[in-house]
Amino acid sequence: MPSKTEKLLSLLNGQPVIPVLKIADVKDAVPLARALTAGGLPAIEITLRTADALEAIRRVAGEVEGAVVGAGTILDAKQFDEAAAAGSKFIVSPGITNQLLAAAKDSAVPLLPGAITPGEIMAAREAGLRFLKFFPAEQSGGIASLKAFASPLTDVKFCPTGGITGKNAADYLALPNVICVGGSWVAPDDLVKAGKWDEIEALARAASKLGR
């Protein structure tokens, strides 16, 4: 049976950029996910920062062929269970807690928890997790911190998010311990509100080629 880390890596499937989305209007969820998927970024994270987030996850999971929808900003076991029930294929949290680890242990849905200190990273490693979110990346030492972790924590890989843009994403992706990055620049609020799905697809296509 594959480990949770292997399952998570297979879901993200070599995708260099994971779009991090805040859905303000649920009607935008499906066309946005279709544009990102068509542009080569099928794995997307919908954050639980809006009232429509769970319904947006349900719609994308049920209506967008090829999309791999995950839930972000999961803070506790209740949210974990709700997001999994809505159809999330992976769960992303800004941090790591015993409650979240327990929820993930009992679920088939893999967890990508945030960790920024050696202690947090080691705690996740002890729990069997080898693929972690590094958040908030830019505010926590960014590339320099990740370079420093590479030697003592050789078997741990990261998805940095927080302050990642089209300008610095390639620098992060060049690091040997970075699998992918998370960012919202591929789906700017103004383009989403205007329904400019073709422009978002073009941004996604450019992002899908980063680090290759």
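How many cavities of 30 Å³ or more does a search of the whole structure find? In this predicted model, the search of the whole structure returns one such cavity. The space in the largest cavity amounts to about 70 Å³, and its lining is formed by L12, I18, V20, E45, F90, V92, L112, K133, C159, T161, C180 and G182. Two or more of these lining residues come from each of strand 1 (17-21) and strand 4 (90-93). By class, the lining of the largest cavity comprises eight nonpolar, two polar and two charged residues.

The largest pocket has a volume of about 520 Å³ and is lined by 25 residues, of which V20, L21, K22, R49 and S184 lie closest to its centre. At least two residues of this lining are supplied by each of strand 1, strand 2 (43-47), strand 8 (181-183) and helix 9, and the greatest contribution, three residues, is that of helix 9. The lining of the largest pocket divides into ten nonpolar, seven polar and eight charged residues. V20 is listed both in the lining of the largest cavity and among the residues closest to the centre of the largest pocket.

The second largest pocket holds about 170 Å³ of space, and the residues that line it are S3, K4, T5, L101, A104, K105, L111, A127, G128 and L129. Helix 1 (4-12) and helix 5 (98-105) are the elements that give two or more residues to this lining, with helix 5 giving the most, namely three residues. In the second largest pocket, the lining residues fall into five nonpolar, three polar and two charged.

The buried residues of helix 10 are I200, A204, A207 and S208. These residues are placed on the same side of helix 10 because they cover an arc of only 95° around the axis. The cover over the buried residues of helix 10 includes strand 1, helix 2 (29-38) and helix 9 (189-194). Strand 1 and helix 9, which take part in this cover, are also among the elements that each supply at least two residues to the lining of the largest pocket.

Notes: Residues are numbered from 1 along each chain as its sequence is written. This is a predicted model: local features need pLDDT of at least 70, side-chain atom pairs count only at pLDDT 80 or more; totals for chains, interfaces and linings use all residues. Side-chain values use heavy atoms; hydrogens and water are left out. On a 1 Å grid over the protein atoms alone, a cavity is a set of points where a 1.4 Å probe fits but cannot get out, and a pocket is an open set with protein on both sides within 12 Å along at least five of seven lines; lining residues have an atom within 4 Å of a point. Grid points are joined across faces, edges and corners, and a volume is the space filled by probe spheres set on the points. Helices (H or I, at least four residues) and strands (E, at least two) are DSSP runs, numbered from the N terminus. Ala, Val, Leu, Ile, Met, Phe, Trp, Tyr, Cys and Pro count as nonpolar, Asp, Glu, Lys and Arg as charged, and the others, Gly among them, as polar. Buried means under 20% relative accessible area, exposed over 50%, partly exposed in between (1.4 Å probe, protein chains only). The arc is that of the directions from the helix axis to the C-beta atoms. Contact means heavy atoms within 4.5 Å.
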